[in-house]
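The paragraphs below go through one structure, starting with confidence and then turning to contacts and helices. Please keep the sequence and the 3D view at hand while reading.

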Amino acid sequence: MASHEHDSVTQKGEPGHPENVGKSTTGRGEDVVKKHGKEPGRYEVEEKGAGRPAGKSTLRDQTGVDPKDPKS
Amino acid sequence: MVIATESARETQTTRSNLVEMHWDPITRIVGSLGIYTKIDFGQRKVAECHSTSSIFRGYSIFMKGKDPRDAHFITSRICGICGDNHATCSCYAQNMAYGVKPPHLGEWIVNLGEAAEYMFDHNIFQENLVGVDFCEKMVRETNPGVWEKAAQTEAPHARDHGYRMIGDIMKSLNPFEGEFYREALQMSRMTREMFCLMEGRHVHPSTLYPGGVGTVATIQLFTDYLTRLMRYVEFMKRVLPMHDDLFDFFYDAMPGYEEVGNRRILLGCWGSFQDPEVCNFEYKDMTRWGRAMYVTPGVVVDGKLVTNDLVKINLGIRILLGSSYYEDWKGKEIFVKNDPLGNPVDEKHPWNQHTLPKPQKRDFDEKYSWVMSPRWYDGKDHLALDTGGGPLARLWSTALSGLVDIGYIKATGNSVVINLPKTVTKPPVTFEWKIPKWSNTIERNRARTYFQAYAAAAALHFMDEALKEVRAGHTKTWEPFEVPKDAIGCGFTEAVRGVLSHHMVIRDGKIANYHPYPPTPWNANPRDVYGTPGPYEDAVQGCPIFEENGRDKFKGIDIMRTVRSFDPCLPCGVHMYLGDGKVLEQVHSPIAGAAAPMAHE
């Protein structure tokens, strides 16, 4: 007799099981940030306007091959 | 399709004149719209009108239990035309619920994408769908006398648009072969490219998220957009005077035509284009940042501005039943008793709505539509606001508030001035949309053209601001966020054809309640519990008939112009039944005159 944890085609814990209904299946930027941290080459600057965040990037944002930023 | 039958309830004196005529479906909208009328051919006016929708969608039901972060992807699929407006509105609601603010550049990119959407959708609807109702072939068929006059009337702005006679304008609108019809198709393609540059994909954006956008912001991106935008600006310098000439001619050629589609001025606009300098997406500040939007929100009653406060607008929304296939949710759970400012939230407000479908047979004396009846409560009456097809309410509200002043656009209190810069072959041009006397068919259509120019002018401002950010090195376009366990949010914007709101309640990190209210339910709703007809019904009921055809060849052009002026869609097929068991079937496509009626027993 089938367990109530399984439906006719999937088992609990597998993708497609009813327990996953309504759960997002795609990767999320906010999850990536939590797991791997901020992308290299990007940094925050002072907030603007209505408390809006602002950010700039270095050349590392565009390439990982020994980037050299211009001298300021 | 159209079906016409003798009315079963007609009186003896009107027996030979009162005819039931139906247009069902009128496609290209949420659900399936049908217009059911009784036309009095003796009085030459529409005696009665019912607006129905025969399709149940159920988004508010299946949104429950979903990850809130999916809301914009799912609700975008509500519509195949303005899905991005839903995605945008949902992101606004999510921003509020999550407490996240996109960087400036992210907001400018959304604004540029949405401006392109207005330019695209209004263009294709106005020139390739509405224009057919005013083209040579249609006017010849429905009003030969008007066509003869058009062929002999000089166009006052011929120098600006290149068409010497009004008849030449009408010829250029003939579907598939008219010069302007074909040019407008090219413009639609180009504006769609502009949209895709900003939001990734049309019509369901792939780079639009709460917290900002995933669009990679480069000088090249904005240059690609700007080159197309300037071609559109040049295009508008011809289109706007051309439509003014065409629409003014209809008033001249058919005295009294202002009564077609005319209804009491009851307009709603929920505002569009956020200003990141002011908007923080916090409910407590919504009054302030709502008024800073580049299209000012507002409720306009009898030509007067009742409010431009988004908080008041929000709290006044009521979802009524009466003629809809749903059970009342009175006594069910109240999700939001008070808004974040402590104001009481009504049981009939979208935050507290429950959707309890009850399918049943259509009965025009009882229930006859899947559309509920959204109303705006002013403290005394439940007002059946319409959107004026979108642009009429947007321009009216913006003009009266007099808050927008960005150089390219200035709201004066009684008009909106649009300044378009020099383009390849034309000098700088200033247009002024003046508040009209009527909320009618012609003015809804005229406003659409003016708003195309408004959207282009607004996009020029957003472009300037976006480039300032890029040149300053502020290339961040998105901000991470956390989904709270419990939260509420609301988003307000303008879908192309009018007001759009999304109301969301999050519990245990999942959606507990979600109600999108797009413009067509506001326009196409049935009689509410108080017996107040919806705007289509109201605008068509009492509408005079100017069509010269008798009932045997009747196309219903004045009614169709009226319904289409609200920008729902077009009737793609017509099936006609004329008393005595004689059925006429005819294809009523945008190809005016292409289909001959077929009769069979």
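This is a predicted model, so confidence comes before geometry. Chain B has a mean pLDDT of 90, with 91% of its residues at 70 or more. For the complex, the predictor reports an ipTM of 0.83 and a pTM of 0.91.

Next comes the interface. Chain B places 24 residues in contact with 17 residues of chain A. On the chain B side, these residues comprise nine nonpolar, nine charged and six polar ones.

Within chain B, consider a pair of helices. Helix α3 of chain B spans residues 83-98 and helix α4 of chain B spans residues 104-133; their axes come within 10 Å and cross at roughly 150 degrees. Because angles over 145 degrees count as roughly antiparallel, α3(B) is roughly antiparallel to α4(B). The crossing of α3(B) with α4(B) is left-handed. From α3(B), the contact involves B:Asp84, B:Asn85 and B:Thr88, and from α4(B) it involves B:Val110, B:Gly113, B:Glu114 and B:Glu117. By class, the residues of this contact are three charged, three polar and one nonpolar.

The buried residues of α17(B) include the charged B:Asp558, B:Arg561 and B:Arg564. After α17(B) comes B:Asp567, with a positive phi near 65 degrees.

Note on methods:
Residues numbered from 1 in each chain as written. Chains lettered and ligands numbered in written order. Predicted model: local features only at pLDDT ≥ 70, side-chain atom pairs only at ≥ 80, totals over all residues. pLDDT = per-residue confidence, 0-100. Contact = placed C-beta atoms within 7 Å. Buried ≥ 20, exposed ≤ 12 C-beta atoms within 10 Å, placed from the backbone. Helix = DSSP H or I, 4+ residues; strand = E, 2+ residues; numbered from the N terminus. Axes fitted to C-alpha atoms, helices over the stretch in contact; angles between N-to-C directions. Parallel < 35°, antiparallel > 145°, perpendicular 65-115°, else oblique. Left-handed = near helix turned anticlockwise from the far one by under 90°.
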